[in-house]
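Here is a short report on one structure.

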Amino acid sequence: MNQGWVSYLPAFLKKRVEGRQELQKVLNNTGWLFGDRLLRMGVGLFVGIWIARYLGPAQYGLLSYAASLVAVFSAIAILGLEGVVIREVVRSPEREQEILGTVFTLRLAAGLFAYLLTMVTVFLLRPTDHLTQMLVGIMGSVLVFGAFDTIDLWFQSKVLSRYVVYAKNAAFILVSALRLALVLLKAPLWTFAAANAAEIGLGAVGLVYVYRANSQRLDSWRITLDRARNLLAASWPLVLSGIVFMVYLRIDQIMLGQMADAHEVGVYASAVKIAEIWFFIPTAIVSSVFPNIVKAKENDKAEFYGRLQKLYNLLAFLGYAVAIPTTFLAGIVVFLFYGEAYASAAPMLVLLIWSDLFANLAVARNAFLMAMNWTRVLLLMVSVGAFVNIVLNYVLVPKYGGVGAAAASLISYWIAGHGACFLYKPLRRTGAMLTRALIYPRFW
């Protein structure tokens, strides 16, 4: 049996994977991603709590508002190419140098364009708020550094995510120590924005290092106009989907910042931070199984849908496993983590943690859409969810503040991840499979 994370499985699970090399490879890769996210969850939560307590809800709210604004434009910078690149490298490994070189160039140009759009937007939304403008200007630099995540996609296509874990966690640990030092030194708000940018920049350097350590060379990458046209033709619906997705993922904090105040944004952001701790689980699982799902589609339709149902069942089970206990412990968790100043985040957390259940299923459903190359359908699903989220935020935020924003997120996540499947005939089978997973979730 392959060495790695599989060796830590219980005996009864080891027997299930005995002799199944592809499954062992997926489990090992998932283990590395889980290890990465567990480290980030533990260290990041500890450091984040220190920062939130030090800054207080108002300043923490400004930092979160700036991060949300940058995040909305990140979809332009990445060009929706993640799944497309992995799919193309799996299908045509002999063309990977051309694919990677073209993707890097496209992403670099898109990152610069996204940065300019971000700055124009913040000056339009807050023309006299120079502090927020500076925060966005500093944090927006990550949009350019993101081009180096092209290397991450290559490692994902080879199911070798441990090297990405090495690179990015080295940067994460260094900058986490820096963030603690900033708290102890009572540093100003802008330095925390700079630390966020520094982490992404150091992570990019680390990715280049591990790529070269695997006998790969950046100077072997090639750029072709034909490949660029083909990639953009395949990804433009994903770019729009990504923009719409980031809008409905972060619009709550932006609308809170515009319609309420920075204090309410800070309280809401603390609830979001706790709710998002667990989101690494579906992302890690789907990232690891996606290449094999693509292969199954090419070879065996029954096996393809069977694997998808198992994936839906697992992610629904994990969603319930987090949401149910958090519902009863939300008040205690918020108080222990953030203190009395953030106590009003508890009801927001309850609503947001249930939205994670549908976000889990949406991640799995999106893997199906990518495998089918139904990028326009993905755009349709996300657009419906975003529209509902914006309307509900507009109605609920003025009256209920952060609780209204959390309720809007829950409803819109359900619609985008599950409910909207029944509005489009080709997805009704998928909707039924997701319903089955919600009614009868299974770990294995």
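## A buried glutamate

Leaving aside neighbours within four places in sequence, glutamate 264 is in contact (heavy atoms within 4.5 Å) with Leu256, Met348, Gly401 and Gly402. A polar atom of the glutamate 264 side chain lies 2.7 Å from the backbone nitrogen of glycine 402.

Glutamate 264 is buried (under 20% relative accessible area, with exposed over 50% and partly exposed in between; 1.4 Å probe, protein chains only) yet has no salt bridge. A salt bridge needs a side-chain nitrogen of Lys or Arg within 4 Å of a carboxyl oxygen of Asp or Glu. The nearest side chain of opposite charge, arginine 126, is 13 Å away.

## Basis of the model

The model is predicted: local features need pLDDT of at least 70, side-chain atom pairs count only at pLDDT 80 or more, and totals for chains, interfaces and linings use all residues. Residues are numbered from 1 along each chain as its sequence is written, and side-chain values use heavy atoms, without hydrogens and water.

## Salt bridges

The whole structure has eight salt bridges. Lysine 168 pairs with aspartate 149 at 3.0 Å, N to O. Asp152 joins these two in a network.

Glutamate 199 bridges to arginine 179, also with N and O 3.0 Å apart. Glutamate 199 is buried at 12% relative accessibility, and arginine 179 is buried at 9%.

Definitions and conventions
Lys, Arg positive; Asp, Glu negative; His and termini not counted. Polar contact = N/O pair within 3.5 Å; in protein donor to acceptor, adjacent residues only side chain to side chain.
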